[in-house]
Amino acid sequence: MLLGISSCLTGNKVRYDGGHQYDRFAVEILGKHLEYIPVCPEVGCGLPIPREAMRLVATGDGVSLLTRKTLKDITPQMEEWTEKQLEFLAQKPLCGFIFKSKSPSSGMTRVKIYSEQGLPVSSGSGIFAGAFMKRFPYLPVEEEGRLTDDGLRHSFLVRIFTMNRWHEFMAAGPSKSKLQAFHASHKYLLMSFSPVQLRVLGKIPAQKDDLSADDYSNYLTMLMGGLSARSTTKKNVNVLEHMLGYFKKDLSPDEKKEMLEIIRDYSEGKVPHSAPLTLMKHYVRKYREPYLENQWFLNPYPPELLIR
Ligand code: SF4
């Protein structure tokens, strides 16, 4: 699994001041499960280490990347390099990108934009990060700081691991029946984020006999869009109750009572999401329910990744 990352987050000393911004979660925990392509747009476009700090400035032409004191405009060289770098990344089976927050080159969101007089007037994306998101709108992106939030981390992890399964699916030679199987195994995972998108997406594999490259591409864009929605407790309870329906004849009255109690406790915020999930996984294993055994909802990514 390949992920892009702002180079300074891996510990590379590429910052303007010669330092780094090592991120332990990205490198030591998530890094065990994937390979990174480190990218430093400022060094990549030919700037030295150390270098003058930069910022985004609103000018007559839009937003420019200027050095703070000497006001040198770096925008043309950054844009030229960015175009080549995006072409290079487009050839890779990339599953997402972790950006360094606040950077005028790499920040994904809320990067300050200053007036020509030096006052903060608005905010946006760093030059490289903005171009990356425009070029690859379906790819999961996050900033290192936002990954400390459990919900955002869950959402990002679900999407990058799903993206990796998609690359494997496409590499193995896609077909209508394989897409139907792929869709079926992601049914409850998608339902836990967007029941609406689940219904819409289900129609794509059923639509025609021969699926075109555009059909696969549309499916991926809509799948990633659905998985970007918020996964709420209510949606997860709905999924767990649907799954419980498969065991109606198998569970003993005590087991059913225990499962219902733990779903209720979860819906009331008394136990974490992992509690009903663990019990559900236990029953799926015990009663060997084949449809549920294939559901990525139960195992969307290695569980240790949610614990920081
Ligand atoms: S934030 Fe981006 S441009 Fe700045 S040092 Fe890190 S990788 Fe390089």
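**Labels and their grounds**

Q: Why are α5 and α9 called roughly antiparallel to each other?
A: In this predicted model, α5 and α9 are roughly antiparallel because their axes cross at roughly 160 degrees, and angles over 145 count as roughly antiparallel. The helices are α5 (residues 150-171) and α9 (residues 213-227), with axes that come within 10 Å.

Q: Which residues make the contact of α5 and α9?
A: From α5 come Val158, Arg159, Thr162 and Trp166. From α9 come Leu220, Met224 and Leu227. By class, that contact has five nonpolar, one polar and one charged residues.

Q: What is the hand of the crossing where α5 passes α9?
A: The crossing of α5 and α9 is right-handed.

Q: What makes α11 roughly antiparallel to α12?
A: The axes of α11 (residues 253-267) and α12 (residues 274-287) cross at roughly 155 degrees. The cut-off is over 145, so α11 is roughly antiparallel to α12. Their axes come within 8 Å.

Q: Is the crossing of α11 and α12 left-handed or right-handed?
A: The crossing of α11 and α12 is left-handed.

Q: At what angle do α3 and α4 pack?
A: Helix α3 (residues 75-90) and helix α4 (residues 127-135) pack at an angle of about 35 degrees, with axes 10 Å apart. Their crossing is right-handed.

Q: What makes up the contact of α3 and α4?
A: The α3 side supplies Thr75, Met78, Glu79, Thr82 and Leu86. The α4 side supplies Ile127, Phe128, Ala131, Phe132 and Arg135. By class there are six nonpolar, two polar and two charged residues.

Q: Why are β2 and β8 called edge strands?
A: Each of β2 (35-39) and β8 (141-143) pairs on one side only. Their open sheet has four strands in the order β2-β1-β5-β8, with parallel pairing. Neighbouring strands there are turned by 25 degrees against each other on average, direction ignored.

Q: How do you know that β1 and β5 pair?
A: Pairing needs at least two bridges. Strand β1 (residues 2-6) and strand β5 (residues 94-99) have three bridges, in the parallel sense. For one of the residues, Gly4, the bridge partner in β5 is Phe97.

Q: What is the order of the open sheet with mixed pairing?
A: Its four strands run β4-β3-β6-β7. The edge strands are β4 (62-67) and β7 (120-124), each pairing on one side only. The twist averages 45 degrees from one strand to the next.

Q: In what sense do β3 and β4 pair, and over how many bridges?
A: Strand β3 (residues 54-59) pairs with β4 in the antiparallel sense over six bridges. The threshold is at least two. Val57 has Ser64 in β4 as its bridge partner.

Q: Which residues surround the ligand, and how do they divide by class?
A: The shell holds Ser6, Ser7, Cys8, Val14, Arg15, Cys40, Pro41, Glu42, Lys100, Ser103, Ser105 and Ser106. These divide into four nonpolar, five polar and three charged. Cys counts as nonpolar here.

Key: Residues are numbered from 1 along each chain as its sequence is written. This is a predicted model: local features need pLDDT of at least 70, side-chain atom pairs count only at pLDDT 80 or more; totals for chains, interfaces and linings use all residues. A residue is near a molecule or strand if its C-beta atom, placed from the backbone, lies within 6 Å of it. Helices (H or I, at least four residues) and strands (E, at least two) are DSSP runs, numbered from the N terminus. Axes are lines fitted to C-alpha atoms, for helices over the stretch in contact, and angles run from 0 to 180 degrees between N-to-C directions. Angles under 35 degrees count as roughly parallel, over 145 as roughly antiparallel, 65 to 115 as roughly perpendicular and the rest as oblique. A crossing is left-handed if the near helix is turned anticlockwise from the far one by less than a right angle, and right-handed if clockwise. Two residues are in contact if their C-beta atoms, placed from the backbone, lie within 7 Å.
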